[in-house]
Each structure stands twice: as structure tokens, then as C-alpha cells.
Amino acid sequence: MRWGLIGASTIAAEHMIAAIRSEGGEIACVQGGDADRIGAYAGRHGIPRAETDLDALLKGGEVQAVYISSTNEKHRAQALAAVAAGCHVLCEKPLALTVAEAREMVGAAEAAGLVFATNHHLRNAATHLALRDAVKAGRVGRVLSVRVFHAVHLPPHLQGWRIDDPAAGGGVIPDITVHDADTVRHILDETPETVVAMAGESGMGRGVEDSVMSVWSMPSGAMVMAHESFTHRFAETGVEVHGTDGSLYGRGIMTQRPLGTVELVTAEGRETLPAPPHDLYARGVRLFHEAVAGRGRPAADGRDGIASLAVALAVREAARTGRRVAVEV
Ligand code: NDP
């Protein structure tokens with residue numbers, strides 16, 4: 001598979017270039033806004049071609065798939081252009097700034113018969129798969145509640161558009177709440193119906209929220225509480241699933257790296273669930289390659305990306321209005 005990278009981003013440099021190559025993908029070209037920067041980026045990562053013009057990356061059928069990791073406001077136009085050029089799309093979360101835009105992107109790919117995936121890396125983690133498997137196997141009985149702890153400290157090199165640029169899609173809700181929405185959907189196999197929330201600036205955000213707490217109602221009757229932040233230096237991350245017959249404790253698992261543990265506590269005692277670690281991003285690329293080859297579906301497809309964005313935007317609206325907001329997928 002020959003890939004084009006749209007966006008000379010940190011996430012591509014830190015994870016996705018290696019993940020694509022580890023799964024046998026070839027990176028033919030990278031596109032970004034500034035000629036000098038994009039040339040240096042291509043040189044650093046051994047990418048043969050650098051373009052400032054998106055059409056130049058897409059023309060001629062050289063690339064079969066694109067990985068979009070530009071700032072969030074650019075995803076829509078870039079995805080639509082890639083689909084129009086016949087490319088399969090792996091797009092970063094949040095898919096877009098509005099649910100309508102995300103629907104347009106995913107609908108275009110579906111109409112063209114192309115694979116569209118959302119890069120929700122967490123559902124590829126062995127720990128998250130262990131949580132999902134345990135719930136599906138009924139090991140906690142009926143799920144009563146889920147608690148998601150995802151308050152972290154945004155590292156200095158990422159303290160750019162995320163903390164001060166609403167037009168680029170900044171804020172902790174589009175950045176992290178989308179991931180938590182996908183995590184809960186993946187583990188429980190259901191999408192929140194309504195949400196309430198409070199959000200604010202707690203020391204890093206300037207004009208966008210850097211912290212949020214929300215509560216979600218699920219169709220099954222389960223309740224979810226979620227906490228995301230950019231300003232918590234020492235907080236541990238995790239996911240807990242509490243059911244009538246047991247509780248699952250995922251500790252240190254809301255991360256890009258294959259870390260953390262999952263324990264199950266029942267009347268029989270406490271056990272650690274097997275979760276042999278593997279690279280999260282590489283698994284996502286592998287499933288994407290498989291889907292393009294007609295075998296199975298991506299780890300998170302376009303519809304998953306629409307749903308996670310719908311939850312996140314409902315949380316933002318609930319925080320803004322102080323009202324309970326329905327999730328419109
Ligand atoms: P970056 O800020 O590193 O890059 C985004 C864009 O900003 C680039 O495409 C580039 O624009 C521009 N840019 C970056 N650095 C510079 C610079 N030094 N000077 C000028 N312009 C610059 O973004 P991230 O990697 O943090 O995030 C990119 C996307 O990936 C977002 O959608 C984010 O939500 C998502 N993400 C997903 C993660 C996951 O695990 N799934 C983790 C982290 C991010 P241009 O290309 O136009 O030149």
C-alpha cells in the first residue's frame with residue numbers, strides 16, 4: 001500500500017510513520033503548508049516527495065491511501081479531495097468541527113466504495129480489548145456504570161493550537177473527550193443518548209476549555225462519568241466498568257503506548273486479565289490494510305468517528321448551556 005501523509009504533524013512523526021512502515025506500507029509523499037518545513041520533515045523521515053499542494057499529492061494515482069493528521073478544521077476538505085481522487089482515508093479524530101461535516105466526509109467515501117477509518121488508537125490497545133471481551137463475556141454481569149479518567153498534562157510541545165485556537169478545533173473536548181466517547185462505545189457497544197457537563201479553563205486553555213467533566217446516559221440504563229483535562233500533572237488515567245457481578249479496573253491505559261493493566265474483581269476475588277502488549281497504531285494500520293484488501297473492517301470506521309464527535313459536541317453544548325443535551329449521531 002502506497003500512502004500519502006496529509007499534514008506534517010507530531011502524531012505522524014511520533015507514531016504513524018513507524019506504524020505504517022511496520023505494517024508493510026510505503027510512504028510516498030507528505031503534504032503540508034510550508035515548503036521549507038515540509039521539505040525538512042520529509043528529509044528527517046525518509047519520505048521521497050514533499051508537496052505544499054494537496055492536488056499534487058493526490059494526482060496520478062501514486063498514493064492509494066492517505067493519512068490525514070492536519071489541524072482539525074482542515075480534515076473535511078482534505079478528506080473530500082482524497083475521496084474524489086479515489087484514495088482510501090485514515091483520518092485523525094475529531095473527524096471535523098461539526099457532525100454534519102463528518103457525515104459528509106464519511107458519506108462521500110461510502111458512496112465511492114472507499115475505506116474510511118478514524119484513528120481512535122485506544123480501541124486497538126490490548127487492555128481495551130480485554131475490557132471489551134470481559135464485558136461481552138458477561139464477566140461483570142449487567143453493566144451499571146463506567147468511569148473514565150483521562151485528565152493528563154499536555155506536554156509543552158503540544159501546547160499550540162490545542163489550547164488557544166477554537167478555529168483550528170482546539171480544546172480538550174475535541175481532543176480527548178472524543179477518544180473517551182469511542183472507548184466507551186467500544187467497550188459497551190452502545191452510544192450515549194444524553195449528556196450533562198461542566199467545562200472550564202484551569203490554567204492552560206486560553207479561549208477554549210482545558211478541563212471537562214460529564215455524565216452520559218446509555219440506552220441500556222448504564223451511567224458513564226468522564227473526566228478529561230490538559231492540566232493534571234500527577235493524575236493517573238483509567239477506565240472502570242462496574243456491573244452486577246463484578247468490576248473491571250483498567251489502570252494507566254488511556255495512553256498512546258502499550259501500557260497499563262486490567263483487573264477483574266468478583267465474589268471469587270481479584271484477577272489480572274491477560275493483555276499481552278502490542279503497538280496500538282500498528283494494529284490500526286494493519287486492520288486498515290486488511291479492510292482495503294476486502295477483509296473485515298477498520299478498527300474504528302467513519303461511523304465510529306461520527307459518533308465520537310457527536311458525543312463530544314453534545315458534551316460541549318451541555319457545558320455551554322448547563323442543559324442536558326441529546327447526542328445526535
Ligand atoms: P501538530 O500541531 O503537530 O500538526 C498539525 C499541523 O500543524 C501540521 O499539519 C502543520 O500544518 C502544522 N504545524 C505543525 N508544526 C508546525 C510548525 N512548527 N510550524 C508551522 N506549522 C506547523 O498536530 P498533532 O500531531 O498534535 O495533531 C494532528 C492531528 O492528529 C489532530 O487532528 C489531532 O487531534 C490528532 N491527534 C491524534 C492522536 C491519536 O492518538 N489518535 C494523537 C495526537 C493528535 P500543515 O500540514 O498545513 O503544514
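**Backbone and ligand**

Guide: Start at Pro94, which sits in the loop between β5 (88–91) and α5 (99–112). Keep in mind that this is a predicted model.

Visitor: Which residue does the cis peptide bond join to Pro94?
Guide: Lys93 is joined to Pro94 by that cis bond, with omega about -20°. Most peptide bonds are trans.

Visitor: And what is the phi of Asp189?
Guide: Asp189 has a positive phi of about 60°, although it is not a glycine. Asp189 belongs to the loop between α8 and β8 (194–200).

Visitor: New topic, the ligand. How many residues surround it?
Guide: The ligand has 26 residues around it, and the closest are Thr10, Ile11, Gly33, Asn72 and Tyr281. By type, the shell holds six nonpolar, 14 polar and six charged residues.

Visitor: Where does the ligand lie relative to domain 1 and domain 2?
Guide: The ligand lies between them, because domain 1 (2–120) and domain 2 (122–282 + 308–326) both give residues to its shell. The space the ligand takes is the largest pocket.

Visitor: Which elements give two or more residues to that shell?
Guide: Those elements are α1 (10–22), α7 (161–164) and α8 (172–188).

Visitor: What lies 3.0 Å from a nitrogen atom of the ligand?
Guide: That is a polar side-chain atom of Glu92. With Ser70, a backbone N or O atom is 3.3 Å from a ligand oxygen. For Ala8, a polar backbone atom is 3.4 Å from an oxygen atom of the ligand.

Visitor: How much of the ligand's accessible area does the protein cover?
Guide: On its own the ligand has 890 Å² of accessible area, and the protein covers 77% of that.

Methods
Residues are numbered from 1 along each chain as its sequence is written. This is a predicted model: local features need pLDDT of at least 70, side-chain atom pairs count only at pLDDT 80 or more; totals for chains, interfaces and linings use all residues. Side-chain values use heavy atoms; hydrogens and water are left out. A residue is near a molecule or strand if one of its heavy atoms lies within 4 Å of it. A polar contact is a pair of N or O atoms within 3.5 Å; within protein, one must be able to donate a hydrogen and the other to accept it, and residues adjacent in sequence count only if both atoms are side-chain atoms. Accessible areas come from the Shrake-Rupley method with a 1.4 Å probe; for residues, only the protein chains shown count as cover. On a 1 Å grid over the protein atoms alone, a cavity is a set of points where a 1.4 Å probe fits but cannot get out, and a pocket is an open set with protein on both sides within 12 Å along at least five of seven lines; lining residues have an atom within 4 Å of a point. A molecule sits in a cavity or pocket if more than half of its atoms lie within 2 Å of its grid points. Helices (H or I, at least four residues) and strands (E, at least two) are DSSP runs, numbered from the N terminus. Ala, Val, Leu, Ile, Met, Phe, Trp, Tyr, Cys and Pro count as nonpolar, Asp, Glu, Lys and Arg as charged, and the others, Gly among them, as polar. Domain bounds come from an automatic or database domain assignment.
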